[in-house]
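Hi,

Here is the structure I promised to pass on to you. Have a look at it first, and then read my notes below.

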Amino acid sequence: MAVERLNQHYGGSHTLRNVSFGVGDKGCTAILGRNGAGKTTLLRCLMGVLPITSGAIVWNGAPLTALPSHRRVRAGFGYVPQGREIFAGLTVGQNLEIAASASGTADAEAAVAEAVALFPVIGQMWRRRGGDLSGGQQQQLSIARALVTRPSLLILDEPTEGVQPSIVSRIEEVISELSGRLSILLVEQYFEFARSIADHYVVLARGEVAVSGGTADMDSDAVKRFLAI
Ligand SMILES: Nc1ncnc2c1ncn2[C@@H]1O[C@H](COP(=O)(O)OP(=O)(O)OP(=O)(O)O)[C@@H](O)[C@H]1O
Ligand SMILES: [Mg+2]
């Protein structure tokens with residue numbers, strides 16, 4: 001995927017400024033930046049949940065900037081929003097089945113079984129209401145819900161936020177494993193988590209790309225200066 005000179009405004013405020021970067025077919029790119037930098041806004045623009053003012057999102061060689069959200073999901077974008085946004089009144093199973101059928105996944109049953117194999121707690125909680133799950137369980141459900149659509153680009157917005165350490169480790173393992181076969185775009189507040197899991201990074205500061213590159217030769221101190229309050 002290539003993001004080309006993306007601009008976004010909330011009314012009169014210019015939130016994303018000529019944001020450009022690319023991600024490969026595999027691997028993990030971390031989007032870093034302090035609170036309010038524009039990370040969630042960027043992801044919502046990529047998913048088509050928010051309109052952009054100008055620029056392009058190119059996927060498999062063609063712009064999908066004009067496509068509505070559900071068409072982007074069918075084209076291969078999976079989304080784990082900040083705050084999880086699971087369907088609280090539906091059961092765990094229904095959360096997954098709705099996502100699989102809405103996205104038109106051909107082998108929905110197998111896709112659901114694979115997601116449950118990654119996060120066994122989902123199988124254990126199958127008939128519980130989504131709203132009755134703990135924060136960490138909801139986060140696993142939110143990731144599983146994105147996976148049942150069989151994405152080739154998985155976009156995650158702070159999947160470790162408010163999640164207990166043991167579940168953070170499981171989420172980290174799953175993201176590492178997935179990044180071997182699909183492309184991951186990860187917004188993350190925790191610098192060490194991002195550095196350990198991502199091969200590329202993009203730092204946003206006030207809606208602009210401040211610095212980007214490979215994590216292997218990242219200047220950690222320089223990057224941390226952009227993240228400090
Ligand atoms: N719906 C909205 N209407 C107007 N301004 C908004 C709206 N949502 C966010 N903003 C503003 O846009 C800027 C970017 O917000 P955004 O949520 O994208 O930041 P973020 O990097 O995801 O922050 P955080 O780390 O806190 O999640 C902020 O200044 C925020 O106040
Ligand atoms: Mg955010």
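Gly 131 sits in the loop between α5 and α6 (135-147); helices here are DSSP runs of H or I with at least four residues, strands are runs of E with at least two, and both are numbered from the N terminus. With a relative accessible area of 34%, Gly 131 is partly exposed (buried means under 20%, exposed over 50%, and partly exposed in between, with a 1.4 Å probe and protein chains only). Along the chain Gly 131 and Phe 87 are 44 residues apart, while their C-alpha atoms are separated by 7.3 Å.

Before you go further, please note that this is a predicted model, where local features need pLDDT of at least 70 and side-chain atom pairs count only at pLDDT 80 or more, while totals for chains, interfaces and linings use all residues. Residues are numbered from 1 along each chain as its sequence is written, chains are lettered from A and ligands numbered from 1 in the order in which they are written, and side-chain values use heavy atoms, leaving out hydrogens and water.

Another glycine, Gly 123, belongs to helix α5 (residues 120-124). Gly 123 is also partly exposed, at 34% relative accessible area. From Gly 123 to Val 112 the C-alpha distance is 9.9 Å, and the two are 11 residues apart in sequence.

Now to the ligands. Which residues come nearest to ligand 1? Of the 13 residues around it, they are Gly 36, Lys 39, Thr 40, Thr 41 and Gln 189 (a residue is near if one of its heavy atoms lies within 4 Å). This shell is made up of 2 nonpolar, 8 polar and 3 charged residues; Ala, Val, Leu, Ile, Met, Phe, Trp, Tyr, Cys and Pro count as nonpolar, Asp, Glu, Lys and Arg as charged, and the others, Gly among them, as polar. Helix α1 (residues 39-47) gives the most to the shell, with 3 residues.

Some side chains also place an N or O atom by an oxygen atom of ligand 1: for Gln 189 the distance is 2.8 Å, for Asn 35 it is 2.9 Å, and for Glu 158 it is 3.4 Å. Ligand 1 has 640 Å² of accessible area on its own, and the protein covers 57% of that (areas come from the Shrake-Rupley method with a 1.4 Å probe).

What coordinates the magnesium ion, ligand 2? Thr 40 (OG1) and Gln 82 (OE1) do, at 1.9 to 2.2 Å. Donors are N, O and S atoms within 2.8 Å of the metal (3.2 Å for Na, K and Ca), and water is not among the atoms, so sites may look incomplete. Because Thr 40 lies in helix α1 and Gln 82 in the loop between β6 (77-80) and α3 (92-103), the pair ties together parts that are 42 residues apart in sequence. Thr 40 is partly exposed at 25% relative accessibility, and Gln 82 is partly exposed at 27%.

Finally, look for the open sheet of 4 strands, in the order β2-β1-β4-β5 with antiparallel pairing (two strands pair if DSSP finds at least two bridges between them). Its edge strands are β2 and β5 (62-63), each pairing on one side only.

- β1 (residues 2-10) and β2 (residues 13-22) are joined by 6 bridges, and Gln 8 stands opposite Leu 16 in β2.
- In the hairpin of β1 and β2, 2 residues lie between the strands, and Gly 11 takes a positive phi near 55 degrees.
- β1 and β4 (residues 54-59) are joined by 4 bridges, with Ser 54 as the bridge partner of Asn 7.
- β4 and β5 pair over 2 bridges, and Val 58 stands opposite Pro 63.

Enjoy exploring!

Technical notes: A polar contact is a pair of N or O atoms within 3.5 Å; within protein, one must be able to donate a hydrogen and the other to accept it, and residues adjacent in sequence count only if both atoms are side-chain atoms.
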